[in-house]
Structure formats: C-alpha cells, structure tokens
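Please read them point by point, with the viewer at hand.

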Amino acid sequence: MSGGVYGGDEVGALVFDMGSYSVRAGYAGEDCPKADFPTVIGVTLDREDGSTLMETDGEKGKQSATTYYIDTNQLRVPRESMEVIEKLTELMFEHYNIPAFFLCKSAVLSAFANGRSTGLVLDSGSTHTTAIPVHDGYVLQQGIVKSPLAGDFMSMQCRELFQELGVEIVPPYVIASKDSVREGAPAIWKKKEKLPQVTRSWHNYMCNTVIQDFQASVLQVSDSPYDEQVAAQMPTVHYELPNGYNCDFGAERLKIPDGLLDPSNAKGLSGNTMLGVGHVVTTSVGMCDIDIRPGLYGSVVVTGGNTLIQGFTDRLNRELSQKTPPSMRLKLIANNTTVERRFSAWIGGSILASLGTFQQMWISKQEYEEGGKQCVDRKCP
Amino acid sequence: MRNTAVILIPALIITTLLADKGKNYAKENVCQGLKDIGIEKFKEMVTVLYSQKFPNGTFQEVSCVADEMTKLAEKCCKDDASPDCYDKGATEISEKSCGKDSPFPKHPGIEQCCTLQGQERKLCLASLRYTADELPSLTEPTNEEICTEYTKDEKDYSVRYVYEFARRHRNIPAGFVLNATQNHVRMAERCCRPDIKNSCFLQERLQMRSSNIFLKFLSNVCNNQVNLKSFKFGLSAYYGNLLGLSFEEASAMSGHFHSGLEKCCLKPQPECIIEELTSFQKVICGESNLNAMSEDFHKCCKKPALDTLLCLDDLKRQPRQSPDVANPVSSKLCEEAQPHGIDRYLFLTGVNHASISLPVLTTVLDRIKNTVTACCSSADITTCLTEKESKLKMTQALLSKLDDTCSRYFRLDLPAFKTRMQKEVQGEGGEKRTQAWLDLAISCCSQRSPAQLCQKLVSTLTYH
C-alpha cells in the first residue's frame, strides 16, 4: 500500500487544473492556486530582419513568447478518449518521473470543493456550458449535457455589437496615444510607430482580451426573460475601449447575455436547436434515475468564469424553479468570491489531495510499473 | 455484537408474538440482545423495523411504538421482573393497536386483524406490511444545515434521520439501513464541532461511497422483487437481452436471482442477501457464460463479488434481434407438455427491447401473462385466445412504442423530446395522453425506475 511508503503528513501534492481558457496550478492544502495562466502556447517565429521580439505592455502572464505555456485539454476529454488519458499518465511517470499520480474529473472536484460528493455541476466557461451530474463521487456519463453557448459565444455577440456601432477593436499594444472624445464619438488615437509584424493569431488573442474585459465589466443577466421595455430602463454603464472610444451601454447589457439562457432570441442562432442554460440543467438531471434527482437539484454547483456575470445565478435559480416540480427543493451553490468560482475544481483537488485517505487513492510509481497505464482507468473514476 | 441484535430484535416483534411456542426462549434472546447493544441502539433498531413496516406512519406514531417496545424489553428483561411480564406487555401493546385512538402507525388491515383474538390477532398484526407508494428521496441538506439541526438536539436528529431513511428503504434488510444511518450521524458528530469543516465532510462521504452505492442497488432490486408480480419473467427477458442468453439460460439465471431475493430482501439480517448475491455472481460469471461475453462483461466479473453485480447493472443493453420469434398465440401455449410455453412466449416478447426499464417491461409482460393464463384455464382455450388476439397484439405494440419512446428520451434534449411527443400523440384527449406519455418517460425510462410508480404509470397509459 502506497500509504506505507510515504510518511503521511510530509507528503505534499501538486494540483493542476487545465481548462481551455486558463491553467490553475498550486499546492494541495492551500486555499487557491499559486499560478493561474492562460492556456495558450506562444511560439516565436523567425523574422526576416532578425529583430528582437516586441515586449507587450507589461501585463502579467503575457510575457514575451520565449516562455512556453502548456496547452492541454486532457482533463476535459470525454471518457472515450482513454488513449489521451493513458498517454498523460505515461508522460507523467516516464518523462517527468513523478512518484504518484491521480486524475479526477473537474466536475467531481467542483462538488468536492463544497464538501459534497453528489450534485449537478454546471460549468460555464469559455467554450462550453456543461451540466455534469455527479453522484457519490462518480460522474454519471449518460447525464452529461453540453451546449456551445458560453463565454466565446458572448464574445462573438459583443464583437457584433461593436461592429454595428462601427467601432474598431484595437488592442492596447498597437496604441501609442489616444485623445479623450465625447461619448459615442469616433475614437482618435495614434498608432505606435515601428510596430513589428505579429501573427494573426496573436493579434486576435489580444483583441479577445479587450472584448473579455468588456464582457466582465458591462454585461448583466436580467432576473427575468429579456424584455425591450424593461431593458430600456436599465441603468447604463460607462465603458471606454483602449483606443478611447467610450459609450454608455444600457439595453445591450441585458440583451447579449440573455442568449445564454434563452437562445431563441439570440442573434446568429438558427432555430431553437441550442439549449439555454436552464434546459441544459433539466435535461441533464432528466437523464438520471428519478431517485437521485432530488439530490442533484438540491446541490446545483455553479462554476466557471462565465457564471460570474452579474445576475447569472439569480436568473438561473428562477429558470430552474419554473422548470422543476413545485415540491422539488432547489439549491444553487455558487461561491461568492470570484476566486472560488473560477477555481472550484482546483480547490476541490486541493482538498482531496490533502485528505488522509488520498494516499490510498493515488497511483504510485510502483503500481504503474506493475499495472501499466491502464491502471488509471481502474483507479480514477 | 450488532449482528446478534439484528437477528434478535425482529424476534421481539415477531417471535414473541408466537409467545406460546417457547416464550422463555424468545424473551431471553431479546434480553441478551438488549444487554449486548444497549438501550439506544436497541431503540434505533426497533425504529428502523417499524419505519420500514409503516412508511406512512408519522414520526410520532413510529416513535411511540418504538418507545413502548423498548420499554417493554427494558422492564421485562430486568432480573427481578415477573415471568409473565413480557407476555402480558406484548398483549397490552396489541390491544392498544386495536384501540380507537391508537397512538401507533395506522394500517388499513388493522381493523380486520382486530376482529380476531389472542394469538391469531397478534400474528395478523405482525404480518401487516404497508404497500404505499414510494416516497420521494431524501434531499441532501447542506453541511451547514446538517450541523444546525444536529447541534440543536443530537438524539432527536439521530432518531429522525433513522425514521426518514428507513421508511424510504423499506424492502431491504434492516441491518443495512442501520449501518447507513449510523454512518451519517457519525459524520455529523465528527464534522460539526468545533467548526464546520468541508474537508471532514468530504472525507466521511468518500468513505461511505461504496456502501451507499450498494445500498441504492439493493434497494432498487428488492423493491422490484417485492412489488412486481412477474419480476422473474421481466428478469429473464432482461438477462436475455443484456447477456445475449437463450431462453433456457436466462430462465435459470433469473430463477436463481429471484429466489435469492425472495428469501432475503425482507429478512433483517444482511448476511442472507450478501450470501445470495455472492453465489449469484459465481453463477452469472461462471465458465459457460464467460466465453461468449463482451469485454465489458469480463471486466465486471473480475471485480469483487458485490461490485460485479453493480458493474453489470451499469452495462448498456444493445438492441437485439432474437432469432426466435414469439409465435402467434395458439393453444400450444397452454399445453401440459410444454410447462414453459407461456414463459418462453413472454421471454421472446420481451427480449428484444433494450431501452425499457425493468419495472415497465415487467408490468407489460405481467399483463400479457394474465391474459394468456386466463385463457388457458378457460373452457374453450382456442376461442378465448382468438378473442384476445387483438388485445395481445396491441400490448406487444405498446411494448415496442415504449421502447422507442425511451430510446428517444435519451437521445433528445428535454424540450425537443416534449415537442416530438406532442406531435405524435394526437387525436382525442391528446393533451392528457401526451402528458401520460411524458410522465412515464420522465419517471420510468431510467434503468432504476421506481417499481410501484411505474406500474401505475403504465396502467394509466393504457387507459388513454
């Protein structure tokens, strides 16, 4: 038993949570990850003129591209891609030579972060909104429901909004100086001289950060389905883009995120084939045995950066109470702090890895050598 | 120690009512049990047994009878108690049950029992068992809520939890219920003081995982056993489909499983059912089966005995086309020479449907069985069967439709599924019929559907 080899308290574990937007890493037993960096690989390209790389404008985490970030989505692949999971196990033991390893699904860890082993984990991140039923620490595969309506969808809608307003999205690295202009007036700014060539992908990446900042600051989910008249009376929020364009945003604040909950009104979606967040949850629960549904509705764990939009949980609560039987007790567990919501899977991993019983759960190097990479299938639910 | 109590305490309820068949023996066993586990656990055990028997009883009613039984044991097990203390006390309790304002749980059968006297009355009362609908599952309160309730009144919390849990697991051995409730209370004990610690709760829950999962499996399987009349036939078709077995093989397997459940589900001791399930695992994973089986099946059989059954339960059933077809109904079904005529017919009818849950499949097969059996015992079998032919055809068509509906339920999202059902179910009383189909799909398409509810919903369906 691996517990005998390692003497209990002296053992520390590293916890990694790899998502499509960012990677969280840190030490087990701590409250939050030490490192949180974007899941992007930056690669330098050889330039004809042999000039050095351009520095970005001092934002942390986006250093010059000699640093390699890890872009791995392995922990979020569906069960069928066992080869990927096995490959990761192999990589860890063979290449990095680690003494012990354990993989756990993010949804399960999000439930664990709240001290529970059963719940419906609703994870809305950048690429997908997924409902994952977790029961007694195991994911119920048949109940997983995915929708592409998530952060990126809203970014797309924001971009379209700016397009309609005739506003160009200019990332900060391009701007040398800007003038202050009246609200709604075209931006007046000066481009930096001697801008080196950058790849299209990097430029898009920088534009995305502008949009995402706008998303985080301005958007709000209304507590009832979108209504033009109600939205018109919405208090406005003033926002200024890096190039100086500034505007008061009112109805759009509500309209854009409403697409997440009620896609029938959203632009650019053909028909009603997309599921709103409420339906993602109810469909997922509906795929599970009727006996466990009260347990799932009683613990809807809301996680993922996209759920941090103001008003999201209240509206979700309302949607779900309308869709579930009146006798069903509904409880949304949504951590109040940004940190906890974005890092719930990591925090769950941190708690799990710090438990005394964890030593019985992990795969030791010895077990790997004896059992091969298939042992990950056996030991990691 | 606990095992002794588990065996003996039901003796308190049942055997003491057979008082004149060895009253001293029964009393001594009960008193030994009380001495072994102490008054608290004794009372908990009695609460479990009565909550299981009378799930519709209120907490006060169940507490009341548990109290009286405990007091009886306490009083009459003392060294200085009179020899007939026990018998007198038990009689008093049964008298009370028949009283107008009985503080004990109610049961529609009590009135009839009370028309009897003395020993017969006691036996009648002892055999009462409530067959109410399944209760909705317990919601899981947050850790904070658990701690708030627990710290208010520890003893009360403990007993209430036992009551609520037991009445929702009424057809499994009481020993499992007691084990589960004790685990839960211990979790509260450890994790609520001095502060509420999520990591403590998580650790406790992780440790309870496998027993919880097993409990759910057992509860489902025993509920089916107790409530579904033709469970054996449903099981045959189910195994035939899941494992690709012939009628003979499937029948043998389901017979084995069924008799084990019949013997042990309602026995308070856990050992009985564990033994049966272990021996069943050997049968199902036996040599003759292994060769023809899928890789997933092999993986399941490599696990420890009880885990194998859980694993098999999770295997996906594939649609299958049995080479034999359920022949058009003829009087051959009833012939003496073919004792399995009807059984085979039922098997062939049910075996190709991979998407229906056991309760639904069993209910429909039961209906077919009743129709055919009724004809087989009638004066003119052939005429009877000819008359019933269209009814049987309709029932078979219903089975196919249920199969399609459930398969669709898992393929489509809920809103899309609802729209489809609305489109399909048209005509008179369309809305009611659509709702009946929706209710059935939502509650009964899952693998572990509740037996009684689904029996009811299937019947509702056929009347629309």
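**Notes on the model**

1. A:Thr118 counts as buried, at 2% relative accessibility, where buried means under 20% relative accessible area, exposed over 50% and partly exposed in between (1.4 Å probe, protein chains only). A:Thr118 is found in the loop between α3 (106-113) and β5 (119-124) of chain A; helices (H or I, at least four residues) and strands (E, at least two) are DSSP runs, numbered from the N terminus. Not counting residues up to four places away in sequence, A:Thr118 touches A:Val134, A:His135, A:Asp136, A:Gly295, A:Leu296, A:Ser299 and, in the other chain, B:Glu140, contact meaning heavy atoms within 4.5 Å. A polar atom of the A:Thr118 side chain lies 3.1 Å from the backbone nitrogen of A:Asp136.

2. A word on the basis of these values. This is a predicted model, in which local features need pLDDT of at least 70 and side-chain atom pairs count only at pLDDT 80 or more, while totals for chains, interfaces and linings use all residues. Residues are numbered from 1 along each chain as its sequence is written, chains are lettered from A and ligands numbered from 1 in the order in which they are written, and side-chain values use heavy atoms, with hydrogens and water left out.

3. Chain A has 15 helices and 15 strands, and buried residues make up 49% of its 381 residues. Of the contacts in chain A with a separation of 6 or more, 67% are between residues 24 or more positions apart. The accessible surface of chain A comes to about 18500 Å², with 50% of it belonging to carbon and sulfur atoms; such areas come from the Shrake-Rupley method with a 1.4 Å probe, and for residues only the protein chains shown count as cover.

4. A:Phe358 is found in helix α13 (residues 358-361) of chain A and is buried, with a relative accessible area of 8%. Leaving aside neighbours within four places in sequence, A:Phe358 is in contact with A:Phe102, A:Leu352 and A:Ala353.

5. A:Tyr27 lies in strand β2 (residues 22-27) of chain A and is partly exposed, with a relative accessible area of 45%.

6. How much area do chain B and chain A bury between them? The figure is about 3000 Å², with 56% of it on carbon and sulfur atoms; buried area is the accessible area (1.4 Å probe) that two parts lose on being put together, summed over both. In chain B, B:Glu140, B:Leu202 and B:Arg209 lose the most area to chain A, together 21% of what that side buries. The contact involves 33 residues of chain B and 34 residues of chain A.

7. Two salt bridges are counted between chain B and chain A, a salt bridge being a side-chain nitrogen of Lys or Arg within 4 Å of a carboxyl oxygen of Asp or Glu. B:Glu145 forms a salt bridge with A:Arg329, the closest N and O atoms being 3.0 Å apart. The largest share of the side of chain B that touches chain A, 12 residues, comes from α10(B).

8. Over all chains, a search of the whole structure finds 26 salt bridges. B:Glu204 pairs with B:Arg186 in one of these salt bridges, the closest N and O atoms being 3.8 Å apart. Because B:Glu204 lies in helix α10 of chain B and B:Arg186 in helix α9 (residues 174-191) of chain B, the pair ties together parts that are 18 residues apart in sequence. B:Glu204 is buried, with a relative accessible area of 4%, whereas B:Arg186 counts as partly exposed at 29% relative accessibility.

Note on methods
Polar contact = N/O pair within 3.5 Å; in protein donor to acceptor, adjacent residues only side chain to side chain.
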